[in-house]
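Biologist: Before I rely on any of the labels attached to this model, I would like to hear how each one is reached.

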Amino acid sequence: MIYCSLVKNDKDGFMLKKILTVIYIVVLLMFVYFFQIFVIDTRTLFGVKPNLILISTIVVSLWYGIYTGTFYGFAIGLVTDMMFGNTFGMFTITYTLTGMLIGALNYNYRKENKMSLVYVTLIATTCFEILQYIQYTIITTRYNSILYLTKQIFISSILNIIIVYIIYGLVSKIVEYFDSNLRKNSNGF
């Protein structure tokens, strides 16, 4: 098998783990865009759509750290700007900063503590919505109500917290499965 030979040629399995990380991220990126475009964009709850792109940025940043989270935020923001953005760079800046902030929290984040996931999602959603609000206000020179922003943050946070539990659980199961297989194959079992 190719998988086994790769592990045996690479003593620590470090290179294979990096390759698998890139594959996880690319598959997640494609899934998120497919689901966001074809399922989520057609539905709203109290005038708010869940932001799977933000949720995927949170999950990648928490799981892989600041550098991968920042790169993922930049890449997904760039693609989002090309597909949905009226002003180029708005989503790129926002997702990159969110990935960087959440990635920086990775060192203090406990993966087994579910309340930490709630707090991190709340922080990320709030930062994302405030950054979007500021950018929109600067670009359009129109002022929107702070009550609208507060409503947007509140409802988006609730939706994102519910969805991030599901996605984070799936990603952690997938990563643990492949990591355990990687360890088994590198030990020769």
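What follows is a conversation that takes the labels one at a time and sets each value against its definition.

Modeller: This is a predicted model, in which local features need pLDDT of at least 70 and side-chain atom pairs count only at pLDDT 80 or more, while totals for chains, interfaces and linings use all residues. Residues are numbered from 1 along each chain as its sequence is written, and side-chain values use heavy atoms, with hydrogens and water left out.

Biologist: How do you know how many helices and strands the protein chain has?

Modeller: Helices (H or I, at least four residues) and strands (E, at least two) are DSSP runs, numbered from the N terminus. By that rule the protein chain has 7 helices and 0 strands, and the order of its elements from the N terminus is α-α-α-α-α-α-α.

Biologist: Why is Ser157 called buried?

Modeller: Buried means under 20% relative accessible area, exposed over 50%, and partly exposed in between, with a 1.4 Å probe and protein chains only. Ser157 has 3% relative accessibility and therefore counts as buried. Ser157 sits in helix H7 (residues 146-187), and, not counting residues up to four places away in sequence, Ser157 touches Leu122, Thr125 and Thr126, where contact means heavy atoms within 4.5 Å. In the protein chain as a whole, buried residues make up 43% of the 189 residues.

Biologist: What makes Phe88 count as buried or exposed?

Modeller: Phe88 reaches 59% relative accessibility, so Phe88 counts as exposed. Phe88 is found in the loop between helix H4 (66-83) and H5, and, with residues up to four places away in sequence not counted, Phe88 touches Leu78, Asp81 and Met82. The C-alpha atoms of Phe88 and Leu78 are separated by 8.3 Å, although the two residues are 10 residues apart along the chain.

Biologist: Which label does Ile37 receive, and on what value does that label rest?

Modeller: Ile37 has a relative accessible area of 25%, and therefore Ile37 is partly exposed. Ile37 lies in helix H2 (residues 14-38), and, once residues up to four places away in sequence are not counted, Ile37 touches Met83 and Phe84.

Biologist: How do you know whether H5 and H6 run roughly parallel or antiparallel?

Modeller: Axes are lines fitted to C-alpha atoms, for helices over the stretch in contact, and angles run from 0 to 180 degrees between N-to-C directions. The axes of helix H5 (residues 90-105) and helix H6 (residues 114-140) come within 10 Å and cross at roughly 155 degrees. That makes H5 roughly antiparallel to H6, given that angles under 35 degrees count as roughly parallel, over 145 as roughly antiparallel, 65 to 115 as roughly perpendicular and the rest as oblique. The contact of H5 with H6 has 16 nonpolar, 4 polar and no charged residues; here Ala, Val, Leu, Ile, Met, Phe, Trp, Tyr, Cys and Pro count as nonpolar, Asp, Glu, Lys and Arg as charged, and the others, Gly among them, as polar.

Biologist: What makes H3 and H4 roughly parallel or antiparallel?

Modeller: H3 and H4 pack at an angle of about 160 degrees, with their axes 7 Å apart. That angle therefore makes H3 roughly antiparallel to H4. Their contact, sorted by class, has 6 nonpolar, 7 polar and no charged residues. Among the residues of H3 that meet H4 are Ile53, Ser56 and Thr57, and the residues of H4 that meet H3 include Ile66, Thr68 and Gly69.

Biologist: At what angle do H3 and H5 pack?

Modeller: Helix H3 (residues 52-64) and H5 pack at about 35 degrees, and their axes are 8 Å apart. The contact includes Ile53, Leu54 and Thr57 of H3, as well as Tyr95, Thr98 and Gly99 of H5. By class, this contact has 6 nonpolar, 5 polar and no charged residues.
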